[in-house]
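This briefing concerns the structure shown below. Please keep the sequence and the 3D view at hand while reading the points that follow.

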Amino acid sequence: MIESATDRAFTDTKRRTISGELAAGSMISENDVSTRLGISRTPVREAFAMLQTNGWMRLYPKRGALILDVPPEEVDNILGVRLLIEGDAASAIADTPERLEVVVSRLRSHVANQDMARGDDDLDAFLDEDSSFHRAIIEGGGNAILVTFFDTIRDRHHRMMARSVWHRPGYSERVVAEHGALVDALERSDTDTFRALLSEHFSGIHGRDATAFSGTATTFGP
């Protein structure tokens, strides 16, 4: 299928927003994108309207478009739900030895690939491996509905992570190290430690007090 000019403008602008190339609070014009992609301004205008509807930007007639940040309450909500479903998935994985071995192997591969992307300074690959790591945990829990939910917030996950590691020395190394510690805890079937580490991971990387969501034995069943 041939991608339309509107789709090209939408995809390119969204990708640059997710990666942090277009920083929250910056302004972008239709002319900027049309020149960049070699297309007319009409499909760019249509793409901007779609991006505004999806909450990525706010349009100002004759001035351009303001790139919006992820609202703090949305960050809180996403991290809260992820803490519940990933922690619960870890319990389901740990209760099934044959599943545990497969998931741990997949997770270690994602950690290795993410560390390679970090070394190559490849932010896109780093973000892809980050979301794939967390998706593998949820998928391992065996609840397809929760996997589908995670897929719906994948772009926001990328953007939150990009914002957290963009131009912050040491944060990408920290992400990889903490992912490794999560795999170690899961391999031991130590789900209490896994949940605690996951809470600290979210809180430390995203600057949110994720422990507020952890409760004690709260689950969101697989």
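Predicted model: local features only at pLDDT ≥ 70, side-chain atom pairs only at ≥ 80, totals over all residues.

The strands E2 and E3 belong to an open sheet of three strands, ordered E1-E3-E2, with antiparallel pairing.

**Strands and hairpin**

- Strand E2, residues 57–60, runs antiparallel to strand E3, residues 64–67, and four bridges join the two.
- Three residues lie between the strands in the hairpin of E2 and E3, where Lys62 adopts a positive phi near 70°.
- Strand E1, residues 27–28, is joined to E3 by two bridges, again in an antiparallel arrangement.

**Helices H2 and H3**

- Helix H2 spans residues 30–37 and helix H3 spans residues 41–53; their axes come within 9 Å and cross at roughly 120°.
- At that angle, H2 and H3 are therefore oblique to each other.
- The crossing of H2 and H3 is right-handed.
- From H2, the residues Glu30, Asn31, Val33 and Ser34 meet Arg41, Val44, Arg45 and Phe48 of H3.

**Helices H6 and H7**

- The axes of H6 and H7 come within 9 Å, with a crossing angle of roughly 160°.
- Because angles over 145 degrees count as roughly antiparallel, H6 is roughly antiparallel to H7.
- H6 passes H7 in a right-handed crossing.
- On the H6 side, Ser131, His134, Arg135, Ile138 and Glu139 take part in the contact, meeting Leu146, Val147, Phe150 and Asp151 on the H7 side.

**Nonpolar cores**

- The largest nonpolar core comprises 41 residues, and those with the most contacts inside it are Leu107, Phe126, Phe133, Val165, Leu186 and Phe194.
- At least two residues of this core come from each of H4 (72–94), H5 (97–119), H6 (123–140), H7 (144–152), H8 (154–165), H9 (171–187) and H10 (191–206).
- Helix H4 makes the greatest contribution to this core, giving eight residues.
- Another core, of 16 residues, lies apart from the largest one and includes Ala9, Ile28, Ile39 and Ala47.
- Leaving aside residues up to four places away in sequence, Phe126 touches Gln114, Ala117, Arg118, Val165, Ser172, Val175 and Val176.
- Both Phe126 and its contact Val165 are listed among the residues with the most contacts inside the largest core.

Technical notes
Residues numbered from 1 in each chain as written. Heavy atoms only, no water. Core = buried A, V, L, I, M, F, W, Y, C linked by side-chain atoms within 4.5 Å. Buried < 20%, exposed > 50% of the residue type's maximum accessible area, 1.4 Å probe, protein only. Contact = heavy atoms within 4.5 Å. Pairing = 2+ DSSP bridges. Axes fitted to C-alpha atoms, helices over the stretch in contact; angles between N-to-C directions. Parallel < 35°, antiparallel > 145°, perpendicular 65-115°, else oblique. Left-handed = near helix turned anticlockwise from the far one by under 90°.
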